[in-house]
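Biologist: I have the structure open and would like a quick tour. Can we keep the terms simple?

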Amino acid sequence: MKQLVRRIGQTIALTLPVILVTTGTLAVTRVPWAPPIALDQQVVAASSGDGGIGRTATAPTSADHQGLAPQDALRADLMEELRTRGAGSALDLLDRTMREQPSLTPFCTGLAEDLGRATVKQYQGDVQRARSFARPVCDGSFAAGIAG
């Protein structure tokens, strides 16, 4: 009996790490921050309506921003979204774009702060109203932009 228990323990000790590593590897192959594969990019582009990833139907397309760096084009899109639909919609666009275009995440903090400052200006300095739109996009940088 003692031998049987020992043998079962050894078998579990040898196979359990293999199972855990395999399942862990499979679990992290499809995470939101991983760059999308070609098929995912095609699906997102096809479903967005105007061909631009992360853009709404009325937001300017990349053709409107020829010659601009991607982060500057996104900044222009965010300001247009703020002007036409409000801060909540602009923050949604920023969040969605960060998930769909991970290459832009280094610029997220600056973009969110700029959006916060522009929101305060849009609401004529009403910090309370601007703060009501804050959410945890880019580590709360929107709120930092509101504060000044």
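Modeller: Start with helices: helices (H or I, at least four residues) and strands (E, at least two) are DSSP runs, numbered from the N terminus. This is a predicted model, where local features need pLDDT of at least 70, side-chain atom pairs count only at pLDDT 80 or more, and totals for chains, interfaces and linings use all residues. Residues are numbered from 1 along each chain as its sequence is written, and side-chain values use heavy atoms, with hydrogens and water left out.

Biologist: How many helices and strands does the chain have?

Modeller: Seven helices and zero strands. Along the sequence the pattern reads α-α-α-α-α-α-α.

Biologist: What is the mean pLDDT of the chain?

Modeller: It is 74, and 69% of the residues reach 70 or more. pLDDT is the predictor's confidence in each residue, from 0 to 100.

Biologist: Which elements have the lowest and the highest mean pLDDT?

Modeller: Helix H2, residues 38–47, has the lowest, at 43. H3 has the highest, at 90. Over residues 38–62, pLDDT stays under 50. The model has 30 contacts beyond four places in sequence for that stretch. A contact means heavy atoms within 4.5 Å. Where pLDDT is low, the predicted coordinates should not be read in detail.

Biologist: Fine. What share of the chain counts as buried?

Modeller: Of the 148 residues, 29%. Buried means under 20% relative accessible area, exposed over 50%, and partly exposed in between (1.4 Å probe, protein chains only).

Biologist: Which residues have the most contacts inside the largest nonpolar core?

Modeller: Leu-74, Leu-78, Leu-94, Met-98, Leu-115, Cys-138 and Phe-142. That core has 22 residues. H3, H4, H5 and H7 each supply at least two residues of it. A nonpolar core is a set of buried Ala, Val, Leu, Ile, Met, Phe, Trp, Tyr and Cys residues joined through side-chain atoms within 4.5 Å. In soluble globular proteins, nonpolar side chains tend to be buried together.

Biologist: Take Leu-94, then. What does Leu-94 touch?

Modeller: Leaving out residues up to four places away in sequence, Leu-94 touches Leu-74, Leu-78, Cys-108, Leu-111, Ala-112, Val-137 and Cys-138.

Biologist: Now H5. How many residues does H5 have, and how far does H5 reach?

Modeller: H5 covers residues 108–122, which is 15 residues. From its first C-alpha to its last it reaches 20 Å, close to the 21 Å expected at 1.5 Å a residue. The expected span is 1.5 Å times one less than the number of residues.

Biologist: Which residues of H5 are buried?

Modeller: Cys-108, Leu-111, Ala-112, Leu-115, Gly-116, Ala-118, Thr-119 and Val-120. These pack against helices H3 (70–85), H4 (87–100), H6 (127–131) and H7 (141–147). Just after H5, Gln-124 takes a positive phi of about 50 degrees.

Biologist: Back to H3. Is Gln-71 buried or exposed?

Modeller: Gln-71 is buried, because its relative accessible area is 18%. Gln-71 lies in H3. Among residues beyond four places away in sequence, Gln-71 touches Leu-104, Phe-107 and Leu-111.

Biologist: Change of topic. How many salt bridges are found in the whole structure?

Modeller: Six. A salt bridge is a side-chain nitrogen of Lys or Arg within 4 Å of a carboxyl oxygen of Asp or Glu.

Biologist: What does Asp-72 form a salt bridge with?

Modeller: With Arg-75, the closest N and O atoms being 3.0 Å apart. Both lie in H3, three residues apart, about one turn of the helix. Asp-72 is partly exposed at 32% relative accessible area. Arg-75 is partly exposed too, at 26%.

Biologist: And Arg-83, which residue is its partner?

Modeller: Glu-80, with the closest N and O atoms 2.5 Å apart. Arg-83 and Glu-80 are also in H3, three residues apart. Arg-83 is exposed, at 55%, while Glu-80 counts as partly exposed, at 24%.

Biologist: What about Arg-85 and Glu-81, how far apart are their closest N and O atoms?

Modeller: 3.9 Å, and the pair forms a salt bridge. The two are separated by about one helical turn because they sit four residues apart in H3. Arg-85 is partly exposed, at 47%. Glu-81 counts as buried because its relative accessibility is 1%.

Biologist: Which residues do shared partners join into one network?

Modeller: Asp-72, Arg-75, Asp-114 and Arg-117, through salt bridges that share partners.
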